[in-house]
Amino acid sequence: MEFDVYKIDPKNSANISPLGVKRQWMEETSDKHAYHCFPVSLSNSLGWGISFPEEISFIWDGISDSTDTHVKVLSGKKFVSTARANATISFNTNLVVTTKSNLSMLAMPTPNWPIDGVWPFTTLISTSFFKGTFPIAWRITKANEIITIPANTPVASIMPISLSDLNNSIAVIKGYNDLPQDFFPKEDYGKIVSDINKSGKWTDFYRNAVDHKNNKIGNK
């Protein structure tokens with residue numbers, strides 16, 4: 001799905017780029033084990049990352065009210081605002097995002113990229129007619145501690161979605177007995193998985209789209 005992004009001020013705008021697979025916490029797992037979880041690794045690249053070319057840091061005094069004096073911006077001041085108050089910080093992206101009439105833009109926390117002390121808001125913007133720079137905001141959850149966002153760290157992931165398709169989706173609830181008889185793996189599945197794990201290797205069945213006997217299943 002194609003969408004347009006306009007930089008209002010190229011020198012003072014956020015950057016937008018496809019998200020990558022790597023995550024620092026995954027790098028730090030034993031033998032980078034986390035990457036063998038294909039659903040997680042695949043989700044890491046979901047959407048387009050919004051980041052800034054400079055470090056941003058701020059601190060909140062723990063008071064949440066309608067005044068904007070309780071969050072102090074320490075660096076990257078041109079890219080953030082405290083005007084929303086209520087223990088939030090807003091990002092000045094200087095990006096205008098436009099989509100066709102059947103699409104909206106979902107902004108959400110960067111997949112599997114936790115940042116201690118903040119809670120990124122998930123929002124839906126009707127970018128087919130919204131006239132303004134794209135808004136991104138965080139709720140601060142840790143008081144009296146400096147929170148630093150290194151330069152080029154994604155503060156959100158954005159992706160176009162069709163609300164009409166989503167609203168027309170239907171969940172058909174069925175009983176367990178309605179599943180095909182051969183839906184679940186055979187009894188030898190558990191032993192094969194256990195033997196592989198004990199050998200120090202990874203199964204990677206789901207990642208490779210094969211069953212426990214290396215037969216191809218599904219479509220990658």
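Asn94 lies in the loop that links strand 7 to strand 8 (95-98); strands here are DSSP runs of E with at least two residues, numbered from the N terminus. This is a predicted model, in which local features need pLDDT of at least 70, side-chain atom pairs count only at pLDDT 80 or more, and totals for chains, interfaces and linings use all residues. Residues are numbered from 1 along each chain as its sequence is written, and side-chain values use heavy atoms, with hydrogens and water left out.

Asn86 sits in another loop, between strand 6 (80-81) and strand 7 (88-92). Phi is positive at Asn86, a residue other than glycine, and Asn94 likewise has a positive phi without being glycine. The table sets out both residues; partly exposed means a relative accessible area between the buried limit (under 20%) and the exposed limit (over 50%), with a 1.4 Å probe and protein chains only.

| Residue | Phi | Relative accessible area |
|---|---|---|
| Asn86 | near 50 degrees | 38%, partly exposed |
| Asn94 | near 55 degrees | 22%, partly exposed |

Three strands make up an open, antiparallel sheet in the order 5-4-13, where two strands pair if DSSP finds at least two bridges between them. Strand 5 (71-75) and strand 13 (147-149) are the edges, and each has a single partner strand, so one side of each lacks a neighbour in the sheet. From one strand to the next, the twist averages 20 degrees, taken between N-to-C directions of axes fitted to C-alpha atoms, on a scale from 0 to 180 degrees.

Strand 4 (residues 56-60) and strand 13 run antiparallel and are joined by three bridges. Look for Ser57, whose bridge partner in strand 13 is Thr148.

Note on methods
Helices (H or I, at least four residues) and strands (E, at least two) are DSSP runs, numbered from the N terminus.
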